[in-house]
Amino acid sequence: MKQGIVVRGYAGFYYVQEEDKIWECSLRGKFRYLKQNVLVGDRVKIRPVEEEKKKAVIEEVLPRFNELLRPPIANVDQAVIVMAFKNPDPSLYLLDRLLVLAEASSIEPAIVFNKIDLVDEETASSILEVYRQAGYAAVSTSAVSGAGIDALRELLKGKVSVFAGPSGVGKSSLLNALQPGLSLQTGEVSSKIGRGRHTTRRVELLVLQSGGWVADTPGFSVIDLPSMSRQDLAYYFREFREELGRCRFTSCLHRGEQGCAVTEAVKAGRISSSRYWHYREFLEEVIKNEQRY
Ligand code: GDP
Ligand code: ZN
C-alpha cells in the first residue's frame with residue numbers, strides 16, 4: 001500500500017497525491033457504510049487498482065491532528081495571515097485578533113505583509129519587527145515585484161497552510177505568484193465579471209512545486225473571539241507567556257495591577273504597546289462574553 005494526502009474531492013472521488021503522482025481514488029465500501037468523512041488534507045493509505053490509469057482505493061484514513069471548519073481541511077499546519085502594508089492599510093487590530101484565533105485553535109500562525117512595493121523600507125521593517133519580536137515568523141512580499149516570494153515559499157515548504165486576512169490584501173495574487181500558471185482570479189478580474197466571489201465551492205489543496213500545500217480558499221473569516229475565560233486571553237498573546245508567572249497576583253489580568261510583569265514588560269519595550277492595547281480591548285470583550293454563560 002501507498003500513503004498520500006487528499007488534495008481534492010470531487011463527484012465521489014478523492015484525488016490523492018503520492019510523491020509526484022495524483023491518484024483518483026474511490027472510498028472502500030466500509031467507509032461509506034461507517035459514514036466516515038474524508039477531508040482534504042487527510043493522510044490516507046491507498047491500494048492501486050489500475051496502475052496506468054492511476055486509479056486506487058482508499059483503504060485507511062490516518063488519525064487527524066486537527067480539523068478546520070472553514071474551509072473544511074484536516075491536518076492544517078499553519079495559518080498564514082496576510083495583511084497589506086498599504087491599500088488597504090494594515091489593521092493591526094484585525095491581525096492581533098486573527099493571531100488570537102489561530103493560537104486558540106492551536107494552529108501555528110505565520111504573518112505575511114504584502115504590497116511592500118507601496119511603502120518605504122523603514123515603515124515596513126518597523127511593523128515587521130513588532131511581530132518578529134513577539135515570536136512570529138513574519139515576511140514581507142510583493143506579488144507585483146516578486147520581492148519576498150522565495151521567503152514565502154520557504155515558509156510554506158513541507159506544510160499544509162491556509163491563508164487568512166481581509167479581502168484586497170493580495171491573497172490570490174500571492175498564490176498566483178507562488179505558482180505561475182495557476183491563474184486564480186484576483187479582485188480586479190472577479191469584480192468585473194461580478195461573480196466568483198460568493199459562489200460556494202469546494203476547497204482544494206494546491207500542491208506547490210517548491211514543496212508544501214496551500215488551500216485555494218482563505219479561512220478564518222469569522223472574527224468573533226473564541227469563547228474563553230478572562231484568564232486565558234493572555235496565553236494567546238505569545239510574548240506575554242514568559243511574563244505571566246512573574247505578576248505579583250496570580251489573578252492578575254494585566255490591567256495595571258500592582259506588580260504586573262506584563263505592564264512592566266510594556267514599559268521596558270519587550271512587549272509592543274499596540275499589542276498590549278489590543279489585549280486590553282479584547283479582554284473587555286471576553287469579560288462581556290463570559291457573562292452570557
Ligand atoms: P485578495 O482579495 O486578498 O485575494 O486580493 P487580490 O489578490 O485579489 O488583490 C487585490 C488587489 O491588490 C489587486 O488589484 C491586485 O492586483 C493588487 N495587489 C496584489 N498584490 C499586490 C502587491 O504586492 N503590490 C501591489 N501594488 N498590488 C498588489
Ligand atoms: Zn499581570
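Which residues form one aromatic cluster with Tyr93? The cluster holds Tyr93, Phe237, Phe240, Tyr276, Trp277, Tyr279 and Phe282.

This is a predicted model, in which local features need pLDDT of at least 70, side-chain atom pairs count only at pLDDT 80 or more, and totals for chains, interfaces and linings use all residues. Residues are numbered from 1 along each chain as its sequence is written, chains are lettered from A and ligands numbered from 1 in the order in which they are written, and side-chain values use heavy atoms, with hydrogens and water left out.

**Aromatic pairs**

A pair of aromatic rings is described by the distance of the centres and the angle of the planes. Rings of Phe, Tyr and Trp (its six-membered ring) pair if their centres lie within 6.5 Å; planes under 30 degrees apart count as stacked, over 60 as edge-to-face and the rest as tilted.

| Pair | Centre to centre | Angle between planes | Type |
|---|---|---|---|
| Tyr93 and Phe282 | 5.4 Å | 70° | edge-to-face |
| Phe237 and Phe282 | 6.1 Å | 45° | tilted |

Tyr93 lies in helix 2 (residues 92-104) and Phe282 in helix 9 (residues 273-290), so their pair ties together parts that are 189 residues apart in sequence. Helices (H or I, at least four residues) and strands (E, at least two) are DSSP runs, numbered from the N terminus.

Buried means under 20% relative accessible area, exposed over 50%, and partly exposed in between (1.4 Å probe, protein chains only). Phe282 is buried at 0%, and Phe237 is buried at 0%, while Tyr93 is partly exposed at 31%.

**Helix 4**

Helix 4 spans residues 149-156, and its buried residues are Ile149, Leu152, Arg153, Leu155 and Leu156. They cover an arc of only 160° around the axis, so they lie on the same side of helix 4; the arc is that of the directions from the helix axis to the C-beta atoms. Asp150 and Glu154, on the other side of helix 4, are exposed.

The buried residues pack against strand 8 (78-84), strand 9 (108-114), strand 10 (137-140), strand 11 (160-164), helix 5 (171-178) and strand 13, where contact means heavy atoms within 4.5 Å. After helix 4 comes Gly158, with a positive phi near 75°.
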